[in-house]
Amino acid sequence: MSVSDIRRMQMLLEIHERGTIIAAADALSLTPSAVSQQIANLEKDTGTALLQRVGRRVQLTNAGLVMVDSARTILREIDRMQTAVANLAGEPAGTVRLAIFQSASFALLPRAIKYLEEHAPRLILHVLQIDPETGTSLTRSREYDMVLSEAYPHHPIPEYPDLHSELLVEDPLSLIVPEESSIKSLKEANELPWVLEMEQNTSRQWAINQCRTVGFEPDIRYSANDMITNANLVRSGCATTIVPGFVLSSLSNTKGIRTVDLPGKPSRKIFTAVRTESAKNPALVMVRDALQHAVKEAFGS
């Protein structure tokens, strides 16, 4: 079996899990036409149809389902083999591809890289800053090896049978207001305009729900996925927002900003996830150790 055969089966698996060629292509960082062409080649090689269209979605034929079931086993075995070989080497080495979201990269990434340079000089870390949902998809599809992700209060850590998750830290969430503001509680923050992350972010909906819980609908005038930008809007007196501790620790200074405790002093869970069969790979274990070290150095926890 060639590398291209494994890649094609991986594409078929993504189509099965996501329901469309476009969604599968997004997960694999490919164009839909490239995925379609490779599946057509796979159908030609096997001499049978593997996909059938049902409305706007596609489904696997019986032959496609048989192939996907085998693909899962093969891909797991590849991860298991790579982990076994890596453990024989006796030290962390090779390349680890890490998907990390913005506020975590601000707070942890420089410290983690320094730790790896000192403790694992043969390990090469490649990093992509991206939202946690996409990072999880990239890890499951084997484009990346590890994702640093988040779970907001009342949103449990997602469970996937093919991923091994490990809690890194609980990151406190706070309301921040302009320093000169008289606001002392979330309820009083209805007096100001709000800036929140874009609509696809869990953090945005969670913040809106917090406001509704205390009796008001936030006046969201600004939307940006850059939390440093959001904090600077608060500093300038233009808005208020809710931010995690990772962001506060990354600000060069907090002049012009005052923090206000939220009801119940909530926190989000920060966790790493890797494919289950790779969890004991020494390079991935070392990257997790580096992130733990970065947390302790940054927050003393």
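**Salt bridges.** I took a salt bridge to be a side-chain nitrogen of Lys or Arg within 4 Å of a carboxyl oxygen of Asp or Glu. This is a predicted model, so I kept in mind that local features need pLDDT of at least 70, that side-chain atom pairs count only at pLDDT 80 or more, and that totals for chains, interfaces and linings use all residues. Residues are numbered from 1 along each chain as its sequence is written, and side-chain values use heavy atoms, with hydrogens and water left out.

I found 20 salt bridges in the structure. I started with E150 and R268, whose closest N and O atoms are 2.5 Å apart. E150 sits in strand 5 (residues 146–151) and R268 in strand 11 (residues 267–275), 118 residues apart; strands are DSSP runs of E with at least two residues, helices are runs of H or I with at least four, and both are numbered from the N terminus.

Buried or exposed, I asked of R268? R268 is buried at 1% relative accessible area, and E150 is buried at 18% (buried is under 20%, exposed over 50%, partly exposed in between, with a 1.4 Å probe and protein chains only).

R268 also forms a salt bridge with D171, at 3.0 Å between the closest N and O atoms. D171 belongs to strand 6 (residues 163–178), 97 residues from R268, and D171 is buried at 2%.

**Aromatic pairs.** My rule pairs rings of Phe, Tyr and Trp (its six-membered ring) with centres within 6.5 Å; planes under 30 degrees apart are stacked, over 60 edge-to-face, and the rest tilted. The count by this rule is 3 aromatic pairs. The W194 and F216 pair is tilted, because the planes stand at 45 degrees, with the centres 6.4 Å apart. W194 is in strand 7 (residues 194–196), and F216 is in the loop between helix 7 (202–213) and strand 8 (220–223). W194 is buried at 0%, and F216 is buried at 9%.

F246 and F299 are stacked, 5.4 Å centre to centre with 10 degrees between the planes. F246 lies in helix 9 (residues 245–250) and F299 in helix 10 (residues 282–299), so the pair ties together parts 53 residues apart in sequence. I logged F246 as buried at 1%, whereas F299 is partly exposed at 32%.
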